[in-house]
Amino acid sequence: MHSFRARGPQRAMSGRRCQTQRPLAGRMRPSFYRAPSTVVVAFGNAVPVTISMMCKVEYGESLRIVGNQPFLGSWDPSKGAEMSWSDGNVWKAATLVPVGVEVDFKVVRAKRDGGGAFIWEEGDNRSFKALGPDYGLQVTCHWGRPRDMKIDTYRVQEEQQGVAPTDAGAASSNGTGNGNGMVAPSRLEGGSGASRSGSPVASSSVDNGDGSSNNGTGRSSPSATLAVSRSSFEEESVARGAWVGAEPEFVRSRRKDEQEREGVWRTEGLSGVALELVRGDKEASSWLKKLGLQKRLLVDEATSCRPSLEALSYLYVYATWINTGALSCAESGSHFRPNHHANLALAMFRSLEWVIGDVTRGGGSRNHAAERLILAARRMHVRLPSFSGQFRASTPLTRIRDIAHRNDIPKDLKDEIKHTLQNKLHRCAGPEDLIATEAMLQRVTAVPGQYSEAFVAEFRTFTEELREFFNASGLVELLTGAGAVDALDDAHASAVRQLINTKQRVEVLGSAARLDDLMALLTSATQARSFYAAGLVAGLRNDVTDEILSMRQRWRLADIRLEEYSFVVLSRIIGLLEEQGAAAKLPRANNLQWALPLAALTSGLRHMGLSLFNTRELMVLENELQKWHAACPLVETRDAALRAKASLERTLRVASEYSDMVAEVYGNPAATLGRALGLPEHMGAVFAEAEVRASVAFQVSKLAAMLARALRTAAGQEPWDVLVPGEVSGVLREAAQLDGTALEGPSASSGDDGVVLVVRRADGDEELGPLGPRLRGVVLLQELPHLSHLGVRARQDGVTFVTCDDEDMVSRVLRPLIGRRVTLSAAGDCTVTVKEAGAARAGASPSKTSGTSAAVPAASAAPQAAADAAQDVASARDVAAAAKAGRWADVVVPLERAVAATCGSKSAKCAALEKLAAGSGGMFSAPRGAVVPFGGLGAAVAAAGRAAEFEALLARLDDPRVDGAELETACGEMRALVSGLEVPTLLVQQVVETIRAVSSSTTASSSAGNQSLLLAVRSSANVEDLAGMSAAGLYDSVVGVSADNAAAVGSAVSEVWASLYTRRAVLSRRAVGVSQSSAHMAVLVMEMVAPDLSFVLHTARPRDGNREVLLAEVAPGQGETLASGTRGTPWRFEVTKSDGAVATMAFANFSTALVLPSKGKSVAAFASYGSGAATAVAATSGASPRRSSGALVEREVDYGAQRMSADGDWRKATVRQMAAVGSYIEKAMDGVPQDIEGGVVILPDGRVSFHIFQTRPQ
C-alpha cells in the first residue's frame, strides 16, 4: 500500500519491496560519466554486460549488485555480485547475461568485514535486457539517481576478445546524433550497432594484399577516438554515441572502384517522399549519389525550392543513418572529387535557409506548422558537408596526397594512407573516410616519437581539414577557424572570446569545477549564441554570393553547436545540483541559493527561444521567473512558493510541447524508413525519443521538475489533487486520453471488469458518461481546473477523480501496478492511496464515489430530466408556428421575458440574473440579450425544405442499435444539415435590434471600448442547466461576433443549433434516458463582455459539499480558457463564508488568454532573443494574434504583469468581493448551491466591476 500525504525525499525501499517495480517507460535519462573499457567475450546465447556505478563510499565499504537473477544473488545482498573500485570513484562489475532475459537490479553498500549491514540504494529498480547475441552492453549508473541510467551497445565477436568502446565511441541504439558526424547519442536498452548490410566489425585491420591481416597497434576501436582533440564537454555535445557502421579496413594495394552492395529496399505501402527515398537509395550506392538524391527531393522537386515538412523529416532520418554508418556507402565506379559533394550541399543549404526565412517573416507570431518546419530545417543543416571555398575548389583536400608521398614514413604506412585515404577521398568520399582518418591518427600518435614530428603535425592538420569538410570540427575550431572572430563586430567577438576563455578555465578545473564555474560557462555560451542567432534572423536574399553563403553556414553551425554544447553544460549543472542534494535543500534555501538554479533554467529557456520555438511564451516565462525571484524569497510564504511553482509547471508544459513536436516530426518517418531499409527495428522505434533526449528542452524539463518539487514541498502541497473523492476498485489501465478507446482491452479475469484509468492528458471538455459503468475512477497526469467541464461531469457521473503531475510519484506508485486490480482511495483532504486489491467477488457491487450534498449522480437525475424535456416540447409548438409565419417580432424573446418552457433553463436563469443585478445595488451587472426559442431550428429546417431528411436522421439517432462508426456518421450528417441552414436575415435583424433596444451603455463601454457591439451566441437547450444534468460545455458557444455582421451572427446561430447533435451530446442524452427527438435548442444571444478575468464559482465546495466554503477558479481573459480546451491551471481560491478568509490553493499558469485586440500587452517577436543587435528588429515587430475567436485574439500571458498574481492584497480583496457576489446569488436562489460563471473588468484606477453571465444549480 502506498499512502502519501507529504512531499519530499522518500525513504529507501528494500530490494524485496522493489522487485515488482519498473522504471517509467521511456524515462531513462542520459548521464555523462565515462565508463572504463573492459575486455569481453561473446559466449553462446549470453552476452557480456559491464555495469559501472559512480559512487563515493566510506572507508571499509564496497558495492554489490543485487537483482532478480541468480548471478545477482536473487535479491539476496549477501550473494550479490561484487564491484571493483577504479579511479574517479567508478565501481564496476562484468558478467554474462542470457539474451532476452530482463534483469532488474539495485546496488547496495556493504561493509567489507562481512558484518551483514547493507545500505540499499533509494528509488526504483534499474532494468535492462540483452536484445541480441552480437551486442554487448555497458550500463552506466550514478548512486541515488536510478532513472539516470545510460546503456551503450557495441559489437562483440564470437569466441574472440574485443575491446568495449568508451562513451564517446559506444555504439548507439538508433544511430542518431546532433553533430554531423559519425556519431550518435546513446539511448534505450541494448540497441544494436549493426548497419543494415551486416558489415563485420574490423579492428583497424590491414589487408596485406595476400589475404593476411594485421591489426596495426592492436589498440581499441578507432571509433572511440572520433573526438581525440576535443574536450570531454565537446565529446558529449557532438559525440554522444558512436559510429555504428563497419570499422575501417586499411589496405596497401588498390581496391576495386565499384563495390557490391547488400541491402533491403521494401516499397510496399509507401508513398510520397518515403517511396521516392527508398527507390532512390537502391540506385544510390555512394555518398555522392545519396547526397544527390537528397538534393533532388529537397531542392529540385520542391515547390519553389522550399521542401515540405515531410521531405525534411524523412531526409533528416535518412542522412543521420548515412552519417553514422547505419546505412553504408559503397564506391560506385565513378570518380568525383569532394568539390561535387560541396556544391550539392550549397544548393541544399540555400533551400533550407529559404524555408526558415519564409516562416519567420511577419511579427514572429506563433505558428505550430512553422515551428515544425524550423525544427526540421535547422536539424537538416548539421547533416550537410561544408561548402567553403577550399572544398569547392577543383582539387580539394590535396594535403593528403603530399602526406602519402612523404619520405619520412615507412612504405607500408605510405601505402595504407595512399590506398585507404588519398585515393578513396579523391574518387568517392564518404563518412567512413573520417572514421578511417581518425583511426589512422590514433595509430600514428599512439607511441610518441615513433614517427617524425613533422609528419604527425601534417597529419593532424589534414585531420582537422577533413573534420571541417564533414562539419565535425571542435567548437573552438568552428568559432575561430579561418579568421572568423576577426570578421565579427566588437561585441560579438568579445562574447566569443569570453566563451573560449571560460571554456578553457572550466576544462582545466575538470571535476573540481563548481556550480559557479559551470554557470559562467553556460552564460557565456548563451550570450555567444545570441549573437549568431540575431545575425541569422535577417533571412537570406536570393542574390547572395557563394562566399556569403559559406559564412552563413558557419554561423548556422555555430548557432546549432552552441545549443548542443549548452545542453551538456546544463546537464553537468543538473548533475552537480543532484549530487549536492539540491532537491532536499531548496525547500529551505534562501533566494541567493535559488539564484543559480533559476539562472540555469532561464538560460535553457533562452536556448529554446533562440531555436525559434514558442518564442513569445518563453520570453514571458523568463520575465515571470525573474520577477518572482526578485519580489520576495521564493519559499518565504506558501503563496510565494505556489506562485513560482505555477511558472515552473508552465515551463514543464512548454518543454513537453517541444518533446511532442519532435516525436511528431520524426517518430513515424523513422519507423517507416527503418522498416523499408531493413534496419534493426529499435533504430526506427527510438529515433524520435533520442532526438528529444538530446535537446535542451529535455534538460529544461528535468531542472524545472526538480525546482517545482522543491517549491511544492516548501508550500506543503500534496502531489495529488482530489476533484471527486471516493474509494473505488478496478483494473489499473493507462490511456493517452479520455476517448472511446480508453477502455478497450481485456477485462479483469476476476469477473469484475471495473477500470481505474490513468490518463496522460485531457483538455477538460471530455465526457465520462459514454465510457459506461466500467469506468470507476480516473487518475489524470496533469493538473485540471476543479470547475472545468470535465470536473463537473466527473462529480455528476459519480467517478472518483484525482490528478497527479509529479512524475516521480507516478513512476513509483502507479506504473508498477498497471494491469493489476487496485483500490484507489481519495479523501477530501487530498490524501490518496493506491494499493493492490484482491480479486473481486462474483456479483459484487462496484465501489462508488462518496456522496456529497453538492453532487447529484446523473443516473438519479434521469427521470426528472426526461420529464423536463417532455414538458418543453409542447411549449415550443406555438413558437414554431409564429416562425413559420415570419412574425419574427413574436419569435424573438427579449431576455428579461425568457422562461424555461420556451427558451431553456439557461436563458431563464440569465433573465433572473438580470433582475438580481438591477437590485444588487451595483454589486454586479448582467448582460442584456435576446433568445431565439425552441421553434427556431424547426422553422429553419422547414424553410429549407429538408424536414423529412431531418426527421429521418433524428430517428436514426434515437435508434439504440445505431452505434460506433454508424452513429458517428449519422451525427456528422445531422450536423452538416443543421450548420448548413440559412438563418433568415430578418430573424437576425430582429435579434440584434432587440438587444440594441435594451443594451446597457455602461456594460457595452466597459467591455468593448470604442468597438462596435460584440455578441456572445450561446446554447440554451431544454436538456442543460438542470439539477443533475448541467451538460456543462456539451453544447457550443460562439463569442466575439460583431452585431454589424448579419451573416456571422446567422452562422453562429446555426453552429449552436448543430452542437445539439454531436456524438458526445447524443451519447450523453442516451446515458440519462432522454430521447433525441425530445431535445430542443434555443439560442441565447447576449451582448458580450470581454473581461480582464473570468471566473467560475461553486458556492459549496465541490469535493465534500461543504456549504460554508466557496470555491472560485479564475483565469485571464475570456472564460473559454477556464472552462475547457486549454492546458494549464487557474487561480484557485477557497473562501470561508463566515469570515471571508481567502486561502489561495493555486496560481494560474495558462499560456494564453482570449482577449480583445485592444487588450493585453504585445510581446516582442523572436528576434529579441538575439543580442542587443537584434533589439531594433524586435522593436518594430508587432504582436500578431495566434488564434482568434470571432473578434477575439489569443495572447501570451505574463503573470508578472497580472495583479491577481503580483499583488497579494488586491488579490484577496477582489476574491472576497467575488465570494460576496456568489453568496448573494445563492441566497436569491433559495439557498441552493450555485455554479456561477462571470467576469471581472479592471478599471483604470484599479477598482473592479463584476459581470455575471449565468448561474445554474451546482
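**Exercise 1. The chain as a whole**

Task: State what share of the chain's contacts with a separation of 6 or more joins residues 24 or more positions apart.

Solution. 
- Residues 24 or more positions apart supply 75% of the contacts with a separation of 6 or more.
- The model is predicted.
- Take burial next. Of the 1258 residues, 61% count as buried, with the cut-off at under 20% relative accessible area.
- Then the surface. The chain's accessible area is about 45300 Å², and carbon and sulfur atoms hold 50% of that area.
- Last, the elements: 39 helices and 37 strands.

**Exercise 2. A sheet and its edges**

Task: Give the strand order of the open sheet of 6 strands. Which strands stand at the edges, each with a single partner strand?

Solution. 
- Read across the sheet: β32-β31-β30-β29-β36-β37, with antiparallel pairing.
- The edges are β32 (1142-1146) and β37 (1248-1257). Each has a single partner strand, so one side of each lacks a neighbour in the sheet.
- From one strand to the next, the twist averages 25°.

**Exercise 3. The partners of β36**

Task: How many bridges join β36 to β29, and how many join β36 to β37? Identify a residue pair for each.

Solution. 
- Start with β29 (residues 1093-1098). Its antiparallel pairing with β36 (residues 1234-1242) has 6 bridges.
- In that pairing, V1096 has E1237 of β36 as its bridge partner.
- Turn to β37. It runs antiparallel to β36, and 9 bridges join the two.
- Here Q1234 lies opposite P1257 of β37.
- The β36-β37 hairpin has 5 residues between its strands, and G1246 adopts a positive phi near 95°.

Task: Is β37 largely enclosed or open?

Solution. 
- Count its buried residues: 9 of 10.
- β37 is therefore largely enclosed by the rest of the structure.

**Exercise 4. Helix α39**

Task: Check the length of helix α39 (residues 1208-1228) against 1.5 Å a residue. Then decide where its buried residues lie.

Solution. 
- The rule is 1.5 Å times one less than the number of residues.
- List the buried residues of α39: W1210, R1211, T1214, V1215, M1218, A1219, V1221, G1222, I1225 and E1226.
- Look down the axis. These buried residues fall within an arc of 165°, so they line one face of α39.
- Turned away from the buried side of α39 are the exposed residues D1209 and K1227.

Definitions and conventions:
Residues numbered from 1 in each chain as written. Predicted model: local features only at pLDDT ≥ 70, side-chain atom pairs only at ≥ 80, totals over all residues. Heavy atoms only, no water. Pairing = 2+ DSSP bridges. Helix = DSSP H or I, 4+ residues; strand = E, 2+ residues; numbered from the N terminus. Axes fitted to C-alpha atoms, helices over the stretch in contact; angles between N-to-C directions. Buried < 20%, exposed > 50% of the residue type's maximum accessible area, 1.4 Å probe, protein only. Contact = heavy atoms within 4.5 Å. Areas by Shrake-Rupley, 256 points an atom, 1.4 Å probe, with all protein chains shown as cover. Arc of directions from axis to C-beta.
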